[in-house]
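Visitor: I'd like to learn how to read a fold from its coordinates. Could you walk me through one?

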Amino acid sequence: MSQTHEYFMAQAIALSREAYNRGDWPVASIIVIGDEVVGSGQNRQVTRTDITWHAETDAIRDATTRLDKTDLSSATIYAPMEPCPMCAWAIRAAGIRRMVVGVRHARTGRTDLGAYTLESFGGLVHWQFELISGVLEEEYLALRLEWNKQAKAY
């Protein structure tokens with residue numbers, strides 16, 4: 001892979017900013033095979049009034065449609081925020097075994113998911129994967145903090 005993890009994560013963070021500016025949660029995701037982005041997605045829970053419209057599932061839907069196949073086992077998914085259990089299952093179902101994540105839930109102080117981590121979920125469903133975390137963590141945390149301040153203003 002000639003492009004770096006930072007290169008692709010920067011794209012996912014830019015899409016996260018776009019989602020935030022639109023009025024959705026600031027989360028996006030991209031799917032890469034080799035050096036090519038084959039899918040991208042953004043959180044659209046607010047604007048689509050659909051609690052299941054998460055960035056990772058949107059990116060998977062985009063990639064499988066573009067590639068006309070459901071097997072994404074050769075892909076890497078980039079997500080600025082650790083995927084939730086619903087998205088982790090979708091990533092597993094798509095066959096993706098490499099994830100690059102910016103921020104883990106524990107770092108943000110998120111408590112609604114209890115002791116959930118990607119690793120604990122993987123153990124539960126017998127899923128082995130490669131996880132690289134902390135990529136552009138501070139850059140995404142700044143956006144998340146901005147969103148948190150705006151969200152608390154209402």
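Guide: Start with Val32, which stands opposite Thr76 in strand S3. Helices (H or I, at least four residues) and strands (E, at least two) are DSSP runs, numbered from the N terminus. Keep in mind that this is a predicted model, where local features need pLDDT of at least 70 and side-chain atom pairs count only at pLDDT 80 or more, while totals for chains, interfaces and linings use all residues. Residues are numbered from 1 along each chain as its sequence is written, and side-chain values use heavy atoms, with hydrogens and water left out.

Visitor: How many bridges join S1 to S3, and do they run parallel or antiparallel?

Guide: Two strands pair if DSSP finds at least two bridges between them. Here S1 and S3 are antiparallel, joined by three bridges. S3 and S4, on the other hand, run parallel with five bridges, and Ala79 has Val101 in S4 as its bridge partner.

Visitor: What is the strand order in the whole sheet?

Guide: The order is S2-S1-S3-S4-S5, an open sheet of five strands with mixed pairing. Strand S2 (36-42) and strand S5 (130-133) are the edges, each pairing on one side only. From one strand to the next, the twist averages 20°. For angles, axes are lines fitted to C-alpha atoms, for helices over the stretch in contact, and values run from 0 to 180 degrees between N-to-C directions.

Visitor: Which strands does H1 lie across?

Guide: Contact means heavy atoms within 4.5 Å. H1 lies across S1, S2, S3, S4 and S5, at about 50° to S3. Helix H2 (residues 55-67) also packs on the sheet, touching S1, S2 and S3, and its direction makes about 140° with that of S2.

Visitor: Which residues touch the most other members of the largest nonpolar core?

Guide: A nonpolar core is a set of buried Ala, Val, Leu, Ile, Met, Phe, Trp, Tyr and Cys residues joined through side-chain atoms within 4.5 Å. Buried means under 20% relative accessible area, exposed over 50%, partly exposed in between (1.4 Å probe, protein chains only). The largest core has 21 residues, and Met9, Ile30, Tyr78 and Tyr140 touch the most other members. H1 gives the most to this core, with six residues. A second, separate core of 20 residues includes Ala59, Ala88, Val101 and Leu118. As for S4, five of its six residues are buried.

Visitor: How should I read an aromatic pair?

Guide: A pair of aromatic rings is described by the distance of the centres and the angle of the planes. Rings of Phe, Tyr and Trp (its six-membered ring) pair if their centres lie within 6.5 Å; planes under 30 degrees apart count as stacked, over 60 as edge-to-face and the rest as tilted. Trp89 and Phe121 are edge-to-face, 6.5 Å centre to centre with 80° between the planes. Trp89 sits in helix H3 (residues 85-93) and Phe121 in helix H5 (residues 118-124), 32 residues apart.

Visitor: Why does Trp89 count as partly exposed, and why does Phe121 count as buried?

Guide: Trp89 counts as partly exposed because its relative accessibility is 43%. Phe121 is at 10%, so it counts as buried. Ring pairs also link Trp89, Tyr116, Phe121, Trp127 and Phe129 into a cluster.
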